[in-house]
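Please look over the sequence and the structure before reading the points below.

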Amino acid sequence: MMATEARTLYPNGQQIHIEHLILERLLYKLEAALDGLTCHSEVATDLLSTADDARRYLRKLAEGLPGHCRREEILLLDPAAEISPELAEFCRHMKTEHISLKAQVAAFQEGLDDFARSEERHGLIGRLKDQGKDLMAALRQHVAKEEEQLSGFL
Ligand SMILES: [Fe+2]
Ligand SMILES: [Fe+2]
C-alpha cells in the first residue's frame, strides 16, 4: 500500500507518530537525569535533587504511557491487524509488549521511590541505573519496531 493511500485511510497514524516523538524527548530527559546520578555526587542533597528530576520525568511517562498505548491500539494496531496475518501477529506482539512496558515503568517508579527513601543511596545507584537503562532500551526498541513496521500508517 502506498504511504499516501495509507495516510488517507488511517489519518490517526500521524497523531501516534507525534506521540512517539514526545515520548522520545521525555526518554532523553529521563536519561540525562539518570546520567546525573553518579557515585561522585559530593553532597547527598545533590543526589536527591537529581533523583527528583528523574522521578518527575518518570511520573510523566507513567501518566502518559497508558493513554498512548490505548490510543495506539484503537487507532493504529487494530486497523493495521486487519491488513494481513503478518501484521495481525505483529500487532498482537506490540499489545503484549504494552503490558510488560507499563509494568516495567511501574517497577522503576518503585525503584526510584525506594532510592529516595533510602539512607544508603550511593550503594543503590548502580542497580538503579541499570534498571533505568533496561527500561529505556525496551521502550525505544518498541517504538522503533512500530515506526518501522507501521511506517505506511504513520
Ligand atoms: Fe506501542
Ligand atoms: Fe507506540
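Predicted model: local features only at pLDDT ≥ 70, side-chain atom pairs only at ≥ 80, totals over all residues.

Asp78 lies in helix 3, and its C-alpha atom is separated by 9.0 Å from that of Arg92, 14 residues apart along the chain.

**Overall fold**

- The protein chain contains 5 helices and 0 strands.
- Along the sequence the pattern reads α-α-α-α-α.
- Taken along the principal axes, the box filled by the C-alpha atoms is roughly 55 × 25 × 20 Å.
- The chain has 154 residues, of which 21% count as buried.
- Among contacts with a separation of 6 or more, 75% come from residues 24 or more positions apart.

**Helix 4**

- Helix 4 covers residues 85–117.
- It has 33 residues and reaches 49 Å from its first C-alpha to its last, close to the 48 Å expected at 1.5 Å a residue.
- Its buried residues are Cys91, Met94, Leu101, Val105, Phe108, Leu112 and Phe115.
- An α-helix has 3.6 residues a turn, so residues three or four places apart point the same way.

**Helix 4 against helix 5**

- Helix 5 covers residues 121–149, and its axis comes within 10 Å of the axis of helix 4, crossing at roughly 160 degrees.
- Angles over 145 degrees count as roughly antiparallel, so helix 4 is roughly antiparallel to helix 5.
- The crossing of these two helices is left-handed.
- By class, their contact has 12 nonpolar, 6 polar and 3 charged residues.
- On the helix 4 side, the contact is made by Phe90, Met94, Glu97, Leu101, Gln104, Val105, Phe108, Gly111, Leu112 and Phe115.
- On the helix 5 side, the residues include Leu124, Leu128, Gln131, Leu135, Ala138, Leu139 and His142.
- Met94, Leu101, Val105, Phe108, Leu112 and Phe115 are in this contact and are also among the buried residues of helix 4.

**Helix 2**

- Helix 2 covers residues 13–35.
- At 1.5 Å a residue, the 23 residues of helix 2 should span 33 Å, and its end C-alpha atoms are 33 Å apart, which agrees.
- Gly13, Ile16, Leu30, Ala33 and Leu34 are buried in helix 2.

**Helix 2 against helix 5**

- Helix 2 and helix 5 pack at an angle of about 160 degrees, and their axes are 11 Å apart.
- Because of that angle, helix 2 is roughly antiparallel to helix 5.
- Helix 2 passes helix 5 in a left-handed crossing.
- The residues of this contact divide into 7 nonpolar, 2 polar and 5 charged.
- From helix 2, the contact takes in His20, Leu23, Glu24, Leu27, Leu30, Glu31 and Leu34.
- From helix 5, it takes in Lys129, Gly132, Met136, Leu139, Arg140, Val143 and Glu147.
- Leu30 and Leu34 are in this contact and are buried.

**Other single residues**

- Ser100 lies in helix 4 and is exposed, because 11 other C-beta atoms within 10 Å fall in the range of 12 or fewer.
- The C-alpha atoms of Ser100 and Ala138 are separated by 9.6 Å, with the two residues 38 apart along the chain.
- Glu31 lies in helix 2 and counts as partly exposed, with 16 C-beta neighbours inside 10 Å.
- Glu31 and His142 are 111 residues apart in sequence and 17 Å apart in space, C-alpha to C-alpha.
- Cys39 lies in the loop between helix 2 and helix 3, the latter covering residues 44–81.
- Cys39 counts as exposed, because it has 10 C-beta neighbours inside 10 Å.
- Leaving aside residues up to four places away in sequence, Cys39 touches His122 and Ile125.
- Cys39 and Gly126 are 87 residues apart in sequence and 8.5 Å apart in space, C-alpha to C-alpha.

How values were computed: Residues numbered from 1 in each chain as written. Chains lettered and ligands numbered in written order. Helix = DSSP H or I, 4+ residues; strand = E, 2+ residues; numbered from the N terminus. Buried ≥ 20, exposed ≤ 12 C-beta atoms within 10 Å, placed from the backbone. Axes fitted to C-alpha atoms, helices over the stretch in contact; angles between N-to-C directions. Parallel < 35°, antiparallel > 145°, perpendicular 65-115°, else oblique. Left-handed = near helix turned anticlockwise from the far one by under 90°. Contact = placed C-beta atoms within 7 Å. Nonpolar A, V, L, I, M, F, W, Y, C, P; charged D, E, K, R; others polar. Expected span 1.5 Å × (residues − 1).
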